[in-house]
Amino acid sequence: MTTEPTIETLMQAAVDGQLTPSQKDRLNRHLVAHPTDRARLAEMIRQAEMVRASVPQPDPAQLGRLMRGARGGTSHAGFGRLAAAVAIFALGLGSGLFLSRDSATPVTLMAQAPVQAAAAHALYSPEVLHPVEVFADQRDHLQTWLSNRLGASVIAPELGDTGYRLIGGRLLPLGHGPAAFFLYENESGDRLSLFANLTTDPAQTSFQYRRDGDLGIVFWQDGRWEYSMVGRSGRQVIETIARKAHEELI
């Protein structure tokens with residue numbers, strides 16, 4: 001018995017340009033009758049194009065816009081941090097290697113995820129209007145979308161009594177693959193993020209902590225999943241929340 005793909009699956013396939021002619025006809029019929037889905041698909045395609053545009057070799061014009069945006073939206077100190085994040089994104093996406101902001105020493109792909117997680121947090125957590133691509137009021141859509149793009153079930157963990165609530169998430173590039181980025185906020189406006197990606201080298205690791213400027217990063221691996229929790233709180237706070245997230249994810 002052959003089961004037809006769901007409309008959600010067809011929409012994601014349309015974003016990826018992988019629809020067969022018959023699937024395209026079926027989706028078009030659905031979109032004609034469902035304008036909300038038509039608008040949502042247009043937004044998904046727009047977001048995917050934005051992500052794809054950031055994956056190849058960094059474009060000087062795009063980097064310039066990011067830098068000007070950073071300069072206009074934050075303090076001098078914050079600009080330096082964001083500029084570093086933009087540079088790390090650009091270098092990492094283009095070469096598969098990342099530069100440590102502390103030492104400018106090339107690090108291999110093994111250490112790529114926590115570095116990229118810190119860069120993503122520095123870049124997106126100060127955003128007021130567009131911190132995420134999909135907000136928490138569309139949690140199911142967010143998880144389905146990211147699961148389809150990563151090729152495995154992705155969960156945005158509840159952080160419960162830690163006081164942090166999910167704002168939403170976005171799709172990000174990591175090397176030659178995708179990663180999921182979830183952003184949280186507490187009542188004081190403090191934000192932390194969870195960066196999740198798949199690796200080809202399954203392993204189980206303990207929680208590892210590192211400090212990068214004013215950011216604390218807790219990294220751990222559970223099977224094929226690598227997780228990086230990033231925030232500006234102290235080590236104990238971030239580790240406690242990371243353990244809470246880990247409990248939700250296992």
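The questions below concern a predicted model and the reasons behind some of its labels.

Q: Why is Glu-239 called buried?
A: Glu-239 has a relative accessible area of 16%. The label applies under 20%, so Glu-239 counts as buried. Its place is in helix α8, residues 235-249.

Q: Which residues does Glu-239 touch, not counting those up to four places away in sequence?
A: Glu-239 touches Tyr-209 and Val-218. Contact here requires heavy atoms within 4.5 Å.

Q: What makes β4 and β5 a pair of strands?
A: Pairing needs at least two bridges. Nine bridges join strand β4 (residues 165-174) to strand β5 (residues 177-185), so β4 and β5 pair. The two strands run antiparallel, and Leu-174 stands opposite Gly-177 in β5. They form a hairpin with two residues between them; Gly-175 in the turn has a positive phi of about 60°.

Q: How do you know that β5 and β6 pair?
A: Six bridges join β5 to strand β6 (residues 191-204).

Q: Which residues have the most contacts inside the largest nonpolar core?
A: They are Leu-146, Phe-182, Tyr-184, Leu-194, Trp-220 and Met-229, in a core of 36 residues. Leaving aside neighbours within four places in sequence, Trp-220 is in contact with residues including Leu-194, Met-229 and Ala-242. A second, separate core of 19 residues includes Ala-122, Leu-123, Ala-179 and Phe-219.

Note on methods
Residues are numbered from 1 along each chain as its sequence is written. This is a predicted model: local features need pLDDT of at least 70, side-chain atom pairs count only at pLDDT 80 or more; totals for chains, interfaces and linings use all residues. Side-chain values use heavy atoms; hydrogens and water are left out. Helices (H or I, at least four residues) and strands (E, at least two) are DSSP runs, numbered from the N terminus. Buried means under 20% relative accessible area, exposed over 50%, partly exposed in between (1.4 Å probe, protein chains only). A nonpolar core is a set of buried Ala, Val, Leu, Ile, Met, Phe, Trp, Tyr and Cys residues joined through side-chain atoms within 4.5 Å.
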